[in-house]
Amino acid sequence: MRKLILGTGMGFSDISVPEQIVRIKKAGWDGVFTGWDEENGNRGFRDVIDREGLIYHSIHAPFDNIHTLWEEGENGERQTERQIRCLRDCADANVQLVIMHAIIGMERCTPNELGIERFGLIFEEARKLGITVALENTEGEVYLEALLNAYSGCLNVGFCIDTGHEMCYNYSRDLITKYGSRLVSTHLNDNMKITGEKLTWRDDSHLLPFDGLADWDGIAERLNKVGYKGPLTFELKYTNKPGRHTNDIYAHLNFDSFVALSLERARRFDGMLN
């Protein structure tokens, strides 16, 4: 059985991250990943995780305004510095894997040398700190491709497959196979594909596995084919995106029951893998 990892921040804003960690452990998960605490750093999370005997799998870098890395001006410079501060906080918390987006925004599709150079500065700082950066598939797949191609020789730059993003943002193109040699992490979740007149970020519902339209047999087969042996990391949401009702099926659940049900689904998917 692989290690099963659950992300905090599932939509239960009334429960602090440290309290979520304690209750995730009680439910039976092996580890967690968290976001970056930009104000305080993540050492406090590390202390709770260690006390609970969990794995601190990874930290998700901030992705709001990540598009400015590809744009001229001071905003892009500040964003570069911000991502590097995140990496340094991760190193301080002794976390060796950071998940990062290459872009945000459905309308953007023109990667350039400036962005590639700025990401290069971030990747080099990560290398010095002993951190692997896993780039996640999101909207704007061309940015992911540009970065993985540009830094194909960097051993600390890899790929994180988000199965829900693959379904909606990437129109179910097989990115697991395409980038399988670079695959270092997963964000496993489900969705209903396009739920409005056109694809938007509201379709990224992060349902529990088997509650949407994902082909979980196919996902397992593809992960097996590329030889992925790492932990299974789940990024799931209790709450709806604005104007959507896909996650209403969890309305009767509290935090503990949602986490417990999530673990049942995680174990079910784990059983489908080699």
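Here is a short exchange on those two residues.

Mentor: This is a predicted model, where local features need pLDDT of at least 70, side-chain atom pairs count only at pLDDT 80 or more, and totals for chains, interfaces and linings use all residues. Residues are numbered from 1 along each chain as its sequence is written, and side-chain values use heavy atoms, with hydrogens and water left out.

Trainee: Is Arg46 buried or exposed?

Mentor: Arg46 sits in helix 2, residues 43-52 (helices are DSSP runs of H or I, at least four residues, numbered from the N terminus). Its relative accessibility is 13%. Buried means under 20% relative accessible area with a 1.4 Å probe, protein chains only. So Arg46 counts as buried.

Trainee: Which backbone oxygen does the side chain of Arg46 reach?

Mentor: Leaving out residues up to four places away in sequence, Arg46 touches Tyr56, Ala93, Asn94 and Val95 (contact: heavy atoms within 4.5 Å). At 2.6 Å, the Arg46 side chain reaches the backbone oxygen of Asn94.

Trainee: How far apart in space are Arg46 and Asp92, C-alpha to C-alpha?

Mentor: In sequence, 46 residues separate Arg46 and Asp92. In space, their C-alpha to C-alpha distance is 9.6 Å.

Trainee: Why does Arg222 count as buried?

Mentor: Arg222 lies in helix 8, residues 216-226. It counts as buried because its relative accessibility is 17%.

Trainee: Which side chain joins Arg222 in a polar contact of 2.6 Å?

Mentor: Beyond four places in sequence, Arg222 contacts Glu166, Asp174, Leu175, Ile176 and Thr177. A polar contact is a pair of N or O atoms within 3.5 Å; within protein, one must be able to donate a hydrogen and the other to accept it, and residues adjacent in sequence count only if both atoms are side-chain atoms. The Glu166 side chain makes one with the Arg222 side chain at 2.9 Å. The 2.6 Å partner is the side chain of Asp174.

Technical notes. Helix = DSSP H or I, 4+ residues; strand = E, 2+ residues; numbered from the N terminus. Buried < 20%, exposed > 50% of the residue type's maximum accessible area, 1.4 Å probe, protein only.
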